[in-house]
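Here is a short tour of a protein model, written to be read with the structure open beside it. Take it section by section and find each residue as it comes up.

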Amino acid sequence: VTLNQDIQAIVKGQPNSKLLKLKFIKENKRPIVGQILVTSGNAGIFPRNIAVGKIFKVEKNDIYAKPFVNFKKLNFVNVVTEKK
């Protein structure tokens with residue numbers, strides 16, 4: 001996902017939380033609470049600029065986002081896994 005042209009990250013779900021955790025952000029780039037996450041389209045899996053969520057909490061080494069999706073009202077899910 002991307003927060004703007006300068007900040008890109010990978011978003012990962014949490015097993016016991018509704019929040020998403022951002023990974024692999026460059027040390028000198030820090031998002032702020034309220035910023036919107038959108039898909040970057042870089043991996044070719046998802047189109048560009050699909051709204052994913054909003055930055056919810058920024059701690060020392062952890063950044064969390066609240067997803068825009070209501071998981072209780074999903075009709076279709078596409079699971080993307082890593083190749084082994």
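## Overall layout

Helices (H or I, at least four residues) and strands (E, at least two) are taken here as DSSP runs, numbered from the N terminus. On that basis the protein reads β-β-β-β-β along its sequence, with 0 helices and 5 strands. This is a predicted model, in which local features need pLDDT of at least 70 and side-chain atom pairs count only at pLDDT 80 or more, while totals for chains, interfaces and linings use all residues. Residues are numbered from 1 along each chain as its sequence is written, and side-chain values use heavy atoms, with hydrogens and water left out.

Of the 84 residues, 26% count as buried; buried means under 20% relative accessible area, exposed means over 50%, and partly exposed is in between (1.4 Å probe, protein chains only). The accessible surface comes to about 6900 Å², and carbon and sulfur atoms hold 52% of that surface. Such areas come from the Shrake-Rupley method with a 1.4 Å probe, and for residues only the protein chains shown count as cover. Among contacts (heavy atoms within 4.5 Å) with a separation of 6 or more, 41% are between residues 24 or more positions apart.

## How the strands pair

Two strands are said to pair if DSSP finds at least two bridges between them. Strand S1 (residues 10–13) runs antiparallel to S2, with 4 bridges, and the two form a hairpin with 6 residues between them. Within this pair, Lys12 stands opposite Lys21 of S2.

S2 also pairs with S5 in the antiparallel sense, this time over 3 bridges, and Leu20 has Ala65 of S5 as its bridge partner. Strand S4 (residues 51–58) pairs with S5 too, antiparallel and over 5 bridges; here Ile55 is the residue opposite Ala65. A hairpin of 4 residues leads from S4 to S5. How enclosed is S5 by the rest of the structure? It is largely enclosed, because 4 of its 5 residues are buried. As a general point, side chains in a regular strand alternate between the two faces of the sheet.

Leaving aside residues up to four places away in sequence, Lys21 touches Ile10, Val11, Lys12, Gln14, Asp62, Ile63 and Tyr64.

Side chains of opposite charge can pair when their charged atoms come close. A salt bridge here is a side-chain nitrogen of Lys or Arg within 4 Å of a carboxyl oxygen of Asp or Glu, and the count by this rule is 2. In one of them, the side chains of Asp62 and Lys21 meet at 3.1 Å, N to O. Asp62 lies in the loop between S4 and S5 and Lys21 in strand S2, so this pair ties together parts that are 41 residues apart in sequence. Asp62 counts as partly exposed, at 23% relative accessibility. Lys57 forms a salt bridge with Glu59, and their closest N and O atoms are 3.5 Å apart. Lys57 is partly exposed at 33%, and Glu59 is partly exposed at 35%.

## Loop residues to look at

Pro31 is in the loop between S2 and strand S3 (36–38), where it is buried with a relative accessible area of 4%. From C-alpha to C-alpha, Pro31 and Val58 are 7.6 Å apart in space, and 27 residues separate them in sequence. Gln35 belongs to the loop between S2 and S3 and counts as buried at 18% relative accessibility. Its side chain reaches the backbone nitrogen of Ile32 at 2.9 Å.

Most residues other than glycine have a negative phi. Asn49, though not a glycine, has a positive phi of about 70 degrees. Asn49 is found in the loop between S3 and S4 and is exposed, with a relative accessible area of 53%.

## A nonpolar patch

Val69, Phe71, Leu74, Val77 and Val79 make a nonpolar surface patch of about 460 Å². Patches are made of residues with over 30% relative accessible area and no salt bridge, joining like charges within 9 Å and nonpolar side chains (Val, Leu, Ile, Met, Phe, Trp, Tyr) within 5 Å. Val69 lies in the segment after strand S5 (63–67) and is partly exposed, at 36% relative accessibility.

Key: Polar contact = N/O pair within 3.5 Å; in protein donor to acceptor, adjacent residues only side chain to side chain.
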